[in-house]
Amino acid sequence: MNLRPLDFRSDTLTQPTAAMKEAILAAPLGDDVFSEDPTIQALQQRVADLLGKEAALFVPSGTMSNQIAIRAATSPGDEVLCEAECHIHYYEQGAPAQLSGVAMRPIQGERGVLQPEQLIGMIRPSDDHFAQTRLICLENTHNRGGGRIQPLDSVAGICEWAHEHGLLTHLDGARLMNAVVATGVAADQWSRHFDSVSICFSKGLGAPVGSALAGSREFIRRCRRHRKVLGGGMRQGGIIAAAALYAIEHHVERLAEDHQNAKRLARAISGFKGVALSLDDVQTNMIVFEISPSLGPALELVAALRERGVKMLAIGPQQVRAVTHLDVGRDEVDAAVEIIGETLAELTAAPAQGRKALSVGEE
Ligand SMILES: *Cc1c(COP(=O)(O)O)cnc(C)c1O
């Protein structure tokens with residue numbers, strides 16, 4: 001059997017397919033700082049249509065997309081509500097403080113999912129002592145929540161509450177299309193609740209670079225200015241937008257395969273001794289499992305797996321994350337399961353001595 005690399009660290013690791021590269025070669029290009037790149041314009045129109053918004057903006061990364069949205073929605077001294085482990089708060093270097101001068105107010109969800117009731121009382125009074133609550137950000141699917149879907153009724157409830165209280169709403173939809181495919185609820189039915197929506201092309205959709213931010217024409221006009229000053233004005237960027245456009249046309253439905261493969265991997269791993277993993281938590285293309293301290297720290301398991309050719313990520317002291325994507329299929333899942341089983345059996349038989357707590361880094 002000719003297996004591809006058993007790399008489950010992230011869905012960002014995919015290589016562009018041959019057909020995607022052909023689309024890149026065929027793309028008409030222009031200078032997008034002059035708004036003259038036809039491929040970027042086509043992509044922006046496609047994303048605006050997909051998300052049911054007036055306009056969209058192509059940006060180099062999901063981080064830039066989120067941070068531009070926050071900057072356009074707030075003023076220095078404002079406060080932004082978010083889930084405590086959302087990417088914007090957890091993985092973006094405190095950028096809302098660095099770039100927009102705003103404070104984040106994190107609220108702990110259940111595997112990334114917030115309930116509308118948790119927000120009651122979270123808006124600061126209009127009083128000289130307080131920051132002014134201005135924006136709420138949700139994330140769907142939730143990265144640190146292990147690919148969890150924030151259900152549509154709670155999205156609607158939270159955004160309705162926010163708008164009633166004069167807040168703006170932003171969706172970090174880096175993996176929104178995974179939620180779309182998993183639920184059958186169209187992208188615009190999710191995005192209609194938000195003033196701005198960010199999606200990533202470089203995650204499960206398999207493009208090499210890029211994200212897009214969608215919203216009202218006026219909002220996106222201001223975002224375009226922020227993009228430029230942050231260094232995100234691109235010239236013949238159609239060369240990467242072509243891949244994103246190709247990904248939207250050809251790689252959305254296939255996300256269902258990633259979800260099936262994640263479930264297959266989860267079912268097998270949950271059967272191993274010393275592993276805690278609830279199948280109900282596996283809703284899209286990610287699995288997060290907890291290993292018993294008797295097996296050692298997650299970093300040690302990840303290192304042992306890597307030596308045997310399986311790559312996964314430690315995302316907490318005892319937590320391991322695996323992500324399925326375009327470049328790993330059912331055969332790679334089955335091969336990985338076998339190696340994980342052997343590795344866990346070895347760790348159970350010969351627990352290492354004097355293990356020290358290791359720090360954990362992650363994207
Ligand atoms: C990956 C990711 C981002 C950021 O994307 P980059 O392109 O890596 O900057 C934002 N939000 C979520 C939920 C992500 O998973």
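Visitor: Which residue in E5 stands opposite Leu81?

Guide: This is a predicted model, in which local features need pLDDT of at least 70 and side-chain atom pairs count only at pLDDT 80 or more, while totals for chains, interfaces and linings use all residues. Residues are numbered from 1 along each chain as its sequence is written, and side-chain values use heavy atoms, with hydrogens and water left out. Strand E3 (residues 78–83) pairs with E5 in the parallel sense over five bridges, where pairing requires at least two DSSP bridges between two strands. The residue in E5 opposite Leu81 is Ile136.

Visitor: What is the bridge partner of Ile136 in E6?

Guide: Strands (E, at least two residues) and helices (H or I, at least four) are DSSP runs numbered from the N terminus. E5 and strand E6 (residues 168–173) run parallel, joined by five bridges. In E6, Ile136 is partnered by Thr169.

Visitor: What is the handedness of the β-α-β unit made by E5, helix H6 and E6?

Guide: The helix of the unit, H6, covers residues 152–164. A crossover counts as right-handed if, with the strands pointing away from the viewer, the path from the first strand over the helix to the second runs clockwise. The unit of E5, H6 and E6 is right-handed.

Visitor: How many residues of strand E5 are buried?

Guide: Buried means under 20% relative accessible area, exposed over 50%, and partly exposed in between, with a 1.4 Å probe and protein chains only. E5 spans residues 132–139 and is mostly covered. Of its eight residues, the buried number six.

Visitor: How far apart are the end C-alpha atoms of helix H3?

Guide: H3 (residues 62–73) is mostly covered, with 10 of its 12 residues buried, among them Met64 and Ile68. The expected span is 1.5 Å times one less than the number of residues, so H3 should span 16 Å. The end C-alpha atoms agree with this, at 17 Å.

Visitor: How many aromatic pairs does the structure hold?

Guide: Rings of Phe, Tyr and Trp (its six-membered ring) pair if their centres lie within 6.5 Å; planes under 30 degrees apart are stacked, over 60 edge-to-face, and the rest tilted. The structure's count of such pairs is two.
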